[in-house]
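Please read it alongside the sequence and the model.

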Amino acid sequence: EEELFFRGLLLFLIDKAFNDPRRFLVVFFGWGGVLTSVMFGMVHGVNFSGGEFTFAAAHAGYTFLGALVLFWLRAKTGNLLAPVFIHSFGNSIFYII
C-alpha cells in the first residue's frame with residue numbers, strides 16, 4: 001500500500017498541483033517525484049520506542065534515495081508494478097538478513 005499511496009495517489013496529486021515537469025534521465029521529473037520521495041524518507045526515519053519518538057536521519061536519507069529510484073522506475077515504466085516488486089523484494093531481503 002505504500003507504493004499505491006506514495007507513487008500512485010500522492011504523486012499524481014502533487015504533479016497536478018505543480019505542473020512543471022523537467023526531463024531528467026529519460027523521464028519527466030516534477031515536484032511530485034521529489035516531494036513524495038522526501039515524504040517517504042521522512043516517514044521511514046521516524047521511530048517510536050519506549051514511549052518516545054526518535055528520528056534516524058541516516059535511515060531517512062537512504063530511504064529517500066531508494067524512493068527516488070522507485071519513482072524513476074514508475075516514471076520510466078508508466079505503471080506501479082516495477083516499484084511494487086522492487087519495494088517488496090527489498091523489504092523481504094531486509095527481514096531475511
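What percentage of the 97 residues in the chain do buried residues make up? In this predicted model, buried residues account for 27% of the 97 residues.

**Overall fold**

- The secondary structure consists of four helices and four strands, arranged along the sequence in the pattern α-β-β-α-β-β-α-α.
- The C-alpha trace spans about 45 × 25 × 20 Å along its principal axes.
- Of the contacts with a separation of 6 or more, 51% are made by residues 24 or more positions apart.

**Helix H2**

- Helix H2 comprises 15 residues, and the distance from its first C-alpha to its last is 21 Å, close to the 21 Å expected at 1.5 Å a residue.
- Its buried residues are Gly32, Gly33, Thr36, Ser37, Phe40, Gly41 and Gly45.
- The cover over these buried residues includes helix H1 (2-17), strand S3 (46-49), strand S4 (52-55), H3 and H4.

**The salt bridge in helix H1**

- The structure holds one salt bridge, formed by the side chains of glutamate 3 and arginine 7 at 2.6 Å, N to O.
- Both partners belong to helix H1 and are four residues apart, about one turn of the helix.
- An α-helix has 3.6 residues a turn, so residues three or four places apart point the same way.
- Glutamate 3 counts as buried because its relative accessibility of 4% is under 20%.
- Arginine 7 also counts as buried, with a relative accessibility of 0%.

**The largest pocket**

- The largest pocket holds about 460 Å³ of space.
- Its lining is made up of 15 residues, and those nearest the pocket centre are His44, Thr63, His87, Gly90 and Asn91.
- Helix H2 (31-45), helix H3 (57-77) and helix H4 (81-96) are the elements that each give two or more residues to this lining.
- By class, the lining comprises seven nonpolar, seven polar and one charged residues.

**Histidine 87**

- Histidine 87, one of the residues nearest the centre of the largest pocket, is located in helix H4.
- With a relative accessible area of 12%, histidine 87 is buried, because this value falls under 20%.
- Leaving aside neighbours within four places in sequence, histidine 87 is in contact with Glu2, Glu3, Phe40 and Leu70.
- Among these contacts of histidine 87, Glu3 is a partner in the salt bridge, and Phe40 is one of the buried residues of H2.

Key:
Residues numbered from 1 in each chain as written. Predicted model: local features only at pLDDT ≥ 70, side-chain atom pairs only at ≥ 80, totals over all residues. Heavy atoms only, no water. 1 Å grid on protein atoms, 1.4 Å probe; cavity = no way out; pocket = protein on both sides within 12 Å on 5 of 7 lines; lining within 4 Å. Points joined across faces, edges and corners; volume = space filled by probe spheres on them. Nonpolar A, V, L, I, M, F, W, Y, C, P; charged D, E, K, R; others polar. Buried < 20%, exposed > 50% of the residue type's maximum accessible area, 1.4 Å probe, protein only. Contact = heavy atoms within 4.5 Å. Expected span 1.5 Å × (residues − 1). Salt bridge = Lys/Arg side-chain N within 4 Å of Asp/Glu carboxyl O.
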